[in-house]
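Please look at the sequence and the structure below. The paragraphs that follow go through the sheets, some single residues and the cavities.

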Amino acid sequence: MLEKKILLLEPYYGGSHRLFLDGLTTCLPDRFVLLHLPARKWKMRMQLSAPWFAARIKGLPVRERAFDAVLASTFTDLAVFRALVAGLPGWRPDCRFLAYFHENQFQYPGRLPKRTNHQFTAINFTTALAADGVAFNSHYNRQGFFRNSWLYVEKAADIDLADELTALEEKSRVIYPGIHFGEIDMVSTDTMRCGEMPLIIWNHRWEHDKNPEEFFAVLTALHRDGIAFRCCVLGQQFRDVPPCFARARRELGQRIIHFGYLSERTDYLALLAQGDIVVSTAHHEFFGLAVIEAVRAGCLPVLPNRLAYPELFVDTYLYPDGGLYQHLKAALLTRRRLGAQRGRALTERFSWPMQAGDYRCWINGD
């Protein structure tokens, strides 16, 4: 298969977006050119990164502007970028434009309703329309995008976009983001740690949409009821940290063996490998990379029966709304750790070797 030259546009080059592109460029036998911006100020990225990227293309020598495909995340206004580069000397008219949806703004839960949020959903919508191919990181993400897109276009009673939206559905697909598990596999173990209190892992962003209030409320109740456990609170922090974190640190005291973000990935993975249970209480999750990494390391998943989780894990690992206390208590009392072998069996389908072929077909238009 012939090598292709692919332009990658990523205005938010950090976290899961960066891991995705690092894996893609490692596993596909193509030539990649990456244009990116640091992972901050996502709203400004959505509004202004497209003209900035187009300006970078205009600054290239004409002979370097020929690409077989452009792959952008949805923090890029792909419709604007495509319009700005169309017709540039050296630009290939048959270049294939692709959009990968790590998330969609229709479903992102803000803390307060904002009258300007519609502009970001509109950018997602027109980005998908302008793309030749669209991929979502989960069925939950895809279904939510199209459910809300139909509601969106129905608001314009005198504008019929039904055919366009149907065509958009037909050119879309779901491809899970590949994950490199090599580093995790090196530290994960099947050893059962007898005599130690079970270690609960929390490895999510310290933000309201991850619902830390419920997580810490349940831990506090388990603590008061005398259930044995330890807790490791990981995840990235931002300027506005929900107050429940500081309160939980005071109330849980020595139960917490680590509290805070770890910048060194080796240190982070070492703590995952020590864990017994990984918990999510998220209101917002389009895939769940952090959970899958912990499961790969051998942690038992305790996850809400909503969002993308039901398509990733069987019912055994899911709890109903309001059922976290009982589900987590049972897991703690049985002290069931998955271990490395079972963790690998549950997550191998998300590995890059398993996903790379689907990405190759998508880029080629197959």
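How many bridges join strand S10 to strand S11? Strand S10 (residues 277-279) and strand S11 (residues 300-304) are joined by three bridges and run parallel. Helices (H or I, at least four residues) and strands (E, at least two) are DSSP runs, numbered from the N terminus.

Before going further, note that this is a predicted model, in which local features need pLDDT of at least 70, side-chain atom pairs count only at pLDDT 80 or more, and totals for chains, interfaces and linings use all residues. Residues are numbered from 1 along each chain as its sequence is written, and side-chain values use heavy atoms, with hydrogens and water left out.

S10 and S11 belong to an open sheet of six strands, ordered S9-S8-S7-S10-S11-S12 with parallel pairing. Its edges are strand S9 (256-259) and strand S12 (318-319); each has a single partner strand, so one side of each is left without a neighbour in the sheet. Helix H8 (residues 212-224) lies across strand S7 (199-202), strand S8 (230-233) and S10, and runs at about 165 degrees to S7. Such angles run from 0 to 180 degrees between N-to-C directions, with axes that are lines fitted to C-alpha atoms, for helices over the stretch in contact.

Pro198 is in the loop between helix H7 (182-187) and S7, and it is buried, with a relative accessible area of 4%. Buried means under 20% relative accessible area, exposed over 50%, and partly exposed in between (1.4 Å probe, protein chains only). Apart from neighbours within four places in sequence, Pro198 is in contact (heavy atoms within 4.5 Å) with Ala228, Phe229, Arg230, Asp276, Leu332 and Arg335. Asn211 lies in the loop between S7 and H8. Its phi is near 55 degrees, a positive value in a residue other than glycine, and Asn211 counts as buried at 7% relative accessibility.

A second open sheet also has six strands, in the order S2-S1-S3-S4-S5-S6, again with parallel pairing. S2 and strand S6 (172-174) stand at the edges with a single partner strand each, so one side of each is left without a neighbour in the sheet. On average, neighbouring strands are turned by 20 degrees against each other, direction ignored. Helix H15 (residues 352-364) packs on this sheet, touching S1, S3, strand S4 (96-101), S5 and S6, and its direction makes about 140 degrees with that of S4.

Within this sheet, seven bridges join S1 to strand S2 (residues 31-38), and Tyr13 has Pro38 of S2 as its bridge partner. Nine of the nine residues of S1 are buried, so this strand is largely enclosed by the rest of the structure. Lys41, in the loop between S2 and helix H2 (42-58), is exposed, with a relative accessible area of 61%.

What lines the largest cavity? Its lining is made up of Leu8, Leu9, Glu10, Phe20, Leu21, Leu71, Ala72, Ser73, Tyr100 and His102. Strand S1 (5-13), helix H1 (15-27) and strand S3 (69-73) are the elements that give two or more residues to it. A cavity is a set of points on a 1 Å grid over the protein atoms alone where a 1.4 Å probe fits but cannot get out, and lining residues have an atom within 4 Å of a point.

How values were computed
On a 1 Å grid over the protein atoms alone, a cavity is a set of points where a 1.4 Å probe fits but cannot get out, and a pocket is an open set with protein on both sides within 12 Å along at least five of seven lines; lining residues have an atom within 4 Å of a point. Two strands pair if DSSP finds at least two bridges between them.
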